[in-house]
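Welcome! Take a moment to look over the chain, and then let us walk through a few of its parts together.

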Amino acid sequence: MPSLSSISGPTYVTSQLLVQQTAYKLSDKIFSYSPETFDLDVAVKEWAEANEKNVHGETTTVVPLQTRAGAGAFALGYIFSKDFDLAKRHVPQTLLAPSLSLRHLRSSLDQLALLYGVSSPFVAHVAAADYNAENGLGADYATALQIAEDLGLALVSSSSAYEVQHMSLLATLLASVLPTLHIYDGIRTARESLRVVDALGEAHIADIYAKISKEAAALNKRLDTAGKVVELLKAFNNELGTSYAPFEYHGHDAPETVLVVFGSAEAQLAKQVATALAAKGKKVGTIVVRVYRPFVEEAFLEVLPASVRQIAVLGQVADAASVEDANVQSALYSDVLTAVSFTEKLSQAPEVVDIRYVVTDAHTPSSIASIFNKLTSKGEAEPVAFSLTAVEEAQQYVFWDVDNSSAVASPAAVGKLLETEQSSNVYVHQTYDNLVQGGVVRTDIRVSQKSIEAPYPVENADVVFVGEEKLLKEIAIVKGVKAGGKLIVRLPNFKEDELEKRIPAAAQKEIQEKNVELYVLDSSSSSALEKEAHLLVNVAFLRVARADITKFDSLSADKTALTEAVNALDQSVRKVEVPVKWAEVEGAVAPLVDSVKPNSFVAFQKEEEEETSSLENWQSAAKGFAFKEAYGTQNQLRPDLAVKTYTIKVKENRRLTPTDYDRNIFHIEFDLGDSGLTYNIGEALGIHAENDPEQVLQFIQAYGLNADDLVQVPSREDPAVLETRTVYQSLVQNFDILGKPPKRFFESLAQFATDEEEKKRLERLGSKEGADEFKRLTEEDTVTYVDVLDMFKSAHPDFNDLIRIVDPSKRREYSIASAQAVSPNSVALMIVVVNWVDTKGRTRLGHATRYLSGLAPGSTITASVKPSVMKLPVKDTAPLIMAGLGTGLAPFRAFVQYRAMQKAQGKEIGSILLYLGSRHQREEYLYGEEWEAYLDAGVITMVGAAFSRDQPEKIYIQDRMRQTVTDIVQAYIKEEGSFYLCGPTWPVPDVTAVLEEAIAAEAQESGRKVDPRKEIERLKEDGRYVLEVY
Ligand SMILES: Cc1cc2nc3c(=O)[nH]c(=O)nc-3n(C[C@H](O)[C@H](O)[C@H](O)COP(=O)(O)OP(=O)(O)OC[C@H]3O[C@@H](n4cnc5c(N)ncnc54)[C@H](O)[C@@H]3O)c2cc1C
């Protein structure tokens, strides 16, 4: 590890190292959670050991933690402990962790945010890295976006190693205003070694920090957090001569299409691709989000060009199902949509689309260019190939090898040697896929005169080295060699007449077609060399790739071995003539995969395999080692699934609308018994619903299953735990067999079809070509998994295969309509049954609402509790202004119950304005009697009910609000109340417009100048403008 003082000026580093340097210099304590192999804290530990000093003149204490949960709790415990040295209150406390730990940090961060007024500055440098058994490693940003939004934390992102140091510093400075997350790509950028020419040294960091901290302390106390962040950013830019902004625009001067992006690789690529396309006259651009929270809408609108007609948000979501689910919105999309909906800057409101992608989708210039192409061509457009000139001008090399090869260290050594050339920038990155050929390592090296930012694998290599011939069969390696490029294959004991046998047919064809120069390296010509094979590989590679390099001293201290390797070159490396007939070769079988997927940061340690004898095969074992930590605690990886569940009993199930009315809205109440379930006001209940037993039995019979057979299935509460159930039970409770099948189900089912026609159709439905038909089937015909299995009878996976390809049932959420302080032993919900008639004329019901509406008192159900943004104001005297449509009223019942209890206890409570909306008073005055009783009792101050269809003209909730705007001015602005809107999204703009009118009216009255938009922003940040829409 380099010493702290050596990091300065031009130096070879990784982002991970720079983050640690800044963290070490500025922090009192560093709490680190670095799963084995992630290496997020290796350097800070070493520096602490060496007693290196931080800017406060002390040795930074590093506290490595063993568990993700501990990472947050420990920091909190320290900051708020009785013994905490108050003289250190201003000194930042830091956390180093990967994003996979964020969900576990949630509750600690929540508490920290609440107590931040008396806390030390807290910054978390988060390496975006998550692990998933199926898809391997991916840079997870979605969790950070969500947590920052939910808990009100600041969130800053670095888009490259060149700026990671600046952003680490900035984030630490922002921490003086609010708890801050700084996120950077933890998969590629974090670990790629590269030359940063102007790395800030220790003294420089100390100096900048001291100066800007002073400015931070002197910030106008009346500024809101967004204002403070903008001011700090200004001070930061002034000091460093940079021009960072919360949002940065790149591209055409008058674009019609703008892509909004967050995330290191995403931002970097979008910026470069948009600039390149704009230079060719395409009216496109990109807005890179640097500071996501606070979301400074004004800054966003400032950079948004007025010419824009279409805004696309590249938004990361948790999983593939969320990409396909039209009901899911990425976090970034919602913010952009809100910002754009309210601006007057644009004469014509642009269309805003959400382009959702999953954590493991790695972007490339081609994927980003294809997105632009699709957006600008309006409709289906083929993916395009796109490359960035600066990257293509670099020398690009790829090494492929198995991880137990004697030459596995070669690429790193070659990289080091190239780094000694002062005029070049060398980028080295390794990818481990432990699931191919018992473990494969791919090393990418780029060498460029200019500094480049290319956070994606080499696509057109000048030279490719293959250390193990069997990899040519498995991976489409030749595809990655550029036309006219060079391919070196290591073939021990090579005999000329065996060439065709040893190079697979598909590779032969591509070598010939792309006019690739083929070299064979045979190290077995000398037994001495076999031992030092890595040296021979190094010099052979350099001979082919860089004949101008003749000095190899840095490759080895053993000069004799090195000379021997160089002397053996002529004998061991030979260029072979590529036969013309290879272009015509028959029987070519395409390799299994195009490339490898990163699923570990280290090689698969096979010697440990024995311990895992209970695992079924080497692949399972390899997965176990791919990222041990994740596997060992797999149950914690998806806490969104593995939530704490409770069994509760139905106490009351009462329909609220007349039975002859077309909407069935019902009130359901559960007895908590001794379940231990507790909830707060505003929270939602997660319901784990069951499938219709009758339909399940019909399916069991039609499919030829035996209802009572015992099977092992992942448990609903915790998918990492297998439980034994009957076929019937598992189909009723565990699988979404009567739900909507995603595209990948068709793709997977195709593998089981024995009828060729059916197979083809299923494959088409699972592919891009079949998109229209897929849409028709799933969105118009609303088919279920069961329907599809019935349509394609030849595709008949057995039960175990079936449950692999059908998604597990997902829980649904319902706002709680009761206050536990008032009724400690029960929880109430108000629910509307979802129903529709499908194209076959069948009446269909929503999964959970069908189940819940049919539950008789006494039935038990499984439920969990979901935290929410809906919270009562801290001050009991603060007024509540609540607007709810339909079931959106549910949480307000809890609010009012609580305030009524306080009033009964003699406490003073704020006024309550309740606006409610539905179609008809007679049928849908939901909880009407209760509201009227509360009104009589003086708990509710005013009810503004809008029954849209009770009179000839339509009256909506916003109309009622406008009629009583003076009450809103009084309660919301003068008495500093909180506003809540719950239910469907569509009234949001109209309702917000009334609030803005109220703000403007009050400002005029008091002779102040106020921007109502900004005011709403401020209220939002203060938790006084709260939306819960679904
Ligand atoms: C925080 C929060 C609070 C909420 N609070 C409430 C509340 O208080 N009260 C309330 O009633 N709801 C509430 N909801 C909504 C609730 O969570 C459910 O989304 C809703 O009840 C529908 O669930 P379901 O299982 O009955 O319908 P689903 O089965 O999920 O169906 C939903 C829709 O999906 C489509 N669909 C279903 N099956 C298929 C298929 N096979 N093919 C194609 N399309 C299909 C249909 O168009 C249907 O309308 C809340 C949601 C959130 C996020």
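**An enclosed space, a strand and a helix**

Fourteen residues, that is 14, line the largest cavity, and those nearest its centre are Thr-189, Glu-192, Glu-453, Ala-454 and Pro-455. A cavity here is a set of points, on a 1 Å grid over the protein atoms alone, where a 1.4 Å probe fits but cannot get out, and lining residues have an atom within 4 Å of a point. Its volume is about 140 Å³, and the whole structure holds six cavities of 30 Å³ or more.

Please keep in mind that this is a predicted model, in which local features need pLDDT of at least 70, side-chain atom pairs count only at pLDDT 80 or more, and totals for chains, interfaces and linings use all residues. Residues are numbered from 1 along each chain as its sequence is written, and side-chain values use heavy atoms, with hydrogens and water left out.

S25 pairs in the antiparallel sense with strand S30 (residues 826–832) over seven bridges, where pairing takes at least two DSSP bridges. In S30, Val-832 is the bridge partner of Ile-665.

Finally, helix H34 (residues 928–936) has Gly-928, Glu-930, Trp-931 and Tyr-934 buried. The face turned away from the buried side of H34 carries the exposed Glu-929 and Asp-936.

Technical notes
Buried means under 20% relative accessible area, exposed over 50%, partly exposed in between (1.4 Å probe, protein chains only). Helices (H or I, at least four residues) and strands (E, at least two) are DSSP runs, numbered from the N terminus. On a 1 Å grid over the protein atoms alone, a cavity is a set of points where a 1.4 Å probe fits but cannot get out, and a pocket is an open set with protein on both sides within 12 Å along at least five of seven lines; lining residues have an atom within 4 Å of a point. Grid points are joined across faces, edges and corners, and a volume is the space filled by probe spheres set on the points.
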